[in-house]
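Please open the structure in your viewer and keep the selection tool at hand.

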Amino acid sequence: MAKTKGTSTQSGGSGEWTAEERAAMREHAAEIKRAAGKGAAKAAEEAQACLDKIAEMPDSDRVIAERVHALVTETAPELTVRTWYGMPAYAKDGKVLCFFKAADKFKARYATLGFSDVAALDDGNMWPSEFAVTRLTAPDEKQIVALVKKAVG
């Protein structure tokens, strides 16, 4: 997610951060402050921040995000629920493993379920690390569960 000035694809390569990118960076700064807390109170605050972000989403994104959240937390309860650049995220050993990016967040065509390099999804020399999600069917949910299980390792 980190970008250097001048490489933004969201702003059409103009070299300037978009309003959405600036907002994500402000959210990330707040996440860092929240993460400085200790113990169960910190975990509860981070989990609530994640749920709050999901609740703020437009219905089209929120419905998918709620289901993804349920699938991830049921499949891998050992993951820590938090936000990452203002997006719902799930971490393993303090590092983001997967995240949900709402279409509305960066004015994209579709929402995505992404996996970081921490995820054990390696498959040959090339594999997907982010999946477009326009709606969820039972087979899609099974695929998400399988991906999360594989990612956790």
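This is a predicted model: local features need pLDDT of at least 70, side-chain atom pairs count only at pLDDT 80 or more; totals for chains, interfaces and linings use all residues.

Residues are numbered from 1 along each chain as its sequence is written, and side-chain values use heavy atoms, with hydrogens and water left out.

**Confidence.** Colour the chain by pLDDT, the predictor's confidence in each residue, from 0 to 100. The protein chain averages 90, and 90% of the residues score at least 70. Now select residues 1-11, where pLDDT stays under 50.

**The sheet.** Next, display the strands (DSSP runs of E, at least two residues, numbered from the N terminus). Five of them form an open sheet in the order 1-2-3-4-5, with antiparallel pairing; two strands pair if DSSP finds at least two bridges between them. Select strand 1 (80-84) and strand 5 (130-133): these are the edge strands, each pairing on one side only. From one strand to the next, the twist averages 25 degrees; such angles run from 0 to 180 degrees between N-to-C directions, with axes fitted to C-alpha atoms, for helices over the stretch in contact.

**Strand 3.** Select residues 95-101, which form strand 3 and are joined to strand 4 (residues 111-115) by four bridges. Phe100 stands opposite Leu113 in strand 4. Phe99 has Gly114 as its bridge partner in strand 4, and Phe99 is also the bridge partner of Ala89. Strand 2 and strand 3 form a hairpin with two residues between them, and Asp93 in the turn has a positive phi of about 55 degrees. Why is strand 3 largely enclosed by the rest of the structure? Five of its seven residues are buried, where buried means under 20% relative accessible area with a 1.4 Å probe, protein chains only.

Helices here are DSSP runs of H or I, at least four residues. Then select helix 4 (residues 138-152), which lies across strand 2, strand 3, strand 4 and strand 5 and runs at about 25 degrees to strand 4.

**Glu31.** Finally, select Glu31 in helix 1 (residues 19-35). Glu31 is buried, with a relative accessible area of 5%. A polar atom of its side chain lies 2.6 Å from the backbone nitrogen of Gly86.

Methods:
Contact means heavy atoms within 4.5 Å. Buried means under 20% relative accessible area, exposed over 50%, partly exposed in between (1.4 Å probe, protein chains only). A polar contact is a pair of N or O atoms within 3.5 Å; within protein, one must be able to donate a hydrogen and the other to accept it, and residues adjacent in sequence count only if both atoms are side-chain atoms.
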